[in-house]
Amino acid sequence: MAPAEPNHKPFQVQGELPTFEEEREGWKGYIEWERYPEKKRKAADILAKYDFPVPPEFQFEPLPKSNPVLEGVRWKHYHYAMGPTISNMPDISWDYVKKEKSEDMIHVLQFPYNGEPPRKRLVETEITNNPDFFVRNHGGIPEIDSSKYYFEVEGLVNDPKKITLELLKDESVFPRQSTVASLQCSGTRRIEQIHEYPGDGDELINAPWGEGAIGTARWTGVSLKKVIKYCGGLKDDGAHLEFFGADTYFKKGEVYNYAVSVPVRKMKINEVLLAWEMNDEPLPAIHGFPLRVVVMGYIGARSCKWLTRINVINAPSMAPVQMKEYLYYTPQMGKQNVTYSSGFSIQTMPVSSAIMTPVNNDVIIHDGTITFTGWAFSGSGWPERVEVSNDGGGVWYEVPDENLSKKYFHAWRTWSFECPVDAEGWLEFCVRCWDDALNTQPTYVRSAWNWDLHVTSSCHRVKIYSVNKSRPNTAKRLKQFEERGLPFLPLTRPVPFDLETEEDYLKEMQKRDGRDPTE
């Protein structure tokens, strides 16, 4: 096996590079795989000739302090091996990151691009700015001419159609819908599981996300229910809606188009949107331009980008992203015994929340209260109550309602709280959310652990070093630093002056009756 990044070898062509033609005019980087079994077999044969780098170790070893954190070398090599049609996808993808995302994004994985914004800024607004919205891609970014865009509706519908973007935007045919909804990756807060109990180590599927793999936007488009009605409705056995994207995806030596599915009940209650706008702007390319799916309340992976077709089927999709990934296993399942059928498919996102400021290991100098900010979300309802604990989960304080952002049926609520803190030294704070159905969160990460490290829904915890300047001795020490023009931080740097005078020491010893017993 070839070594993993960063010790990988440069890509070397094995034999002659293939040429796989683009499927549609004006769709740069889109190769259709699913309709052509022979093409898929040819691609698999090509992949089998290579000794690709193995996944990097990022769980039992410290994460690199670089940004990007991980490069995704083997995923780049997969694309290089497929020839010129998609070999430049890693570079195109990175160019869009630099063009469409904030400069200070945390690049969890360079390719396929996975990135989240800085913690503090994410919760400063209830609607996430497009440049700060997290990105979780499974492949490269196809470049699609919107004037040549269309998607197909096929399978178990009475009247299959080909629908252009122009037709979809015609309000005389399709009523428009605009909905505020949060999208959340099931990997949100995965780093907590990794630190405590490592699991499967695919750097794409199990990327080391922090607390920022969630965002909220106003999505504008057409309800899929209206589109299905336009196509004559479902046939009797139409039970699931399968979405295909234009991106190329690799899994265990095979090549695919990205594909997922949702049950028709989500469509029937108008919780599946075909969206072309994000926060009143055209979709950014990195988020699915010109058209994507938005499935409200579900795991973000179901919200397919760069939509090519909708296939109505009688059972959940057998595509790998649906059948083999985003599965939730019992804690006794692992590398030694896990199977695809032993996990259930993650669909509706559970209740979750996070403290975004302060961050773990912060040193906070305060006068008896510390300000916390964060988010809370429920895929099956809405956050009704947020509580913060200053002792690791024994005593809970309710966040006042006026400190919570507006309620939406399908979106998070951001929050802030002035938490009373008397104690000093290392303290553990945590947050939990209650939704409208009284669902809440497991107390500890161990209760949420699963082999694929998905859905870290336990109470989010941060350890903070408390320096309470309302205490006289602490105020005195801080003044000593100030008078000498010395910084108090970093915490671990020893105090550069005597902690007390000999005179003060002798006075204290006298009060304490000395160091040792007298008899």
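Student: In this predicted model, is Asp504 buried, partly exposed or exposed?

Tutor: The place of Asp504 is in helix H12, which covers residues 502-511. A residue counts as buried under 20% relative accessible area and as exposed over 50%, with partly exposed in between. Because Asp504 has a relative accessible area of 30%, the residue is partly exposed.

Student: Which residues gather with Asp504 in a patch of negative charge?

Tutor: The patch lies on the surface, and Asp504 is one of its residues. The others that gather there with Asp504 are Asp498, Glu500 and Glu502.

Student: Which helix gives the largest share of the positive patch?

Tutor: The positive surface patch is formed by Lys225, Lys226, Lys229 and Lys268. Lys226 lies in helix H7, and with 36% relative accessibility this lysine counts as partly exposed. Three residues of the patch come from the helix that spans residues 224-230, and this largest share belongs to helix H7.

Student: How many helices and strands does the protein have, and what part of its residues counts as buried?

Tutor: The count of secondary structure elements gives twelve helices and 25 strands. Of the 519 residues of the protein, the part that counts as buried is 56%.

Definitions and conventions. Residues numbered from 1 in each chain as written. Predicted model: local features only at pLDDT ≥ 70, side-chain atom pairs only at ≥ 80, totals over all residues. Heavy atoms only, no water. Patch = residues over 30% accessible without salt bridge, like charges linked within 9 Å, V, L, I, M, F, W, Y side chains within 5 Å. Areas by Shrake-Rupley, 256 points an atom, 1.4 Å probe, with all protein chains shown as cover. Salt bridge = Lys/Arg side-chain N within 4 Å of Asp/Glu carboxyl O. Lys, Arg positive; Asp, Glu negative; His and termini not counted. Charge placed at Lys NZ, Arg CZ, Asp CG, Glu CD. Helix = DSSP H or I, 4+ residues; strand = E, 2+ residues; numbered from the N terminus. Buried < 20%, exposed > 50% of the residue type's maximum accessible area, 1.4 Å probe, protein only.
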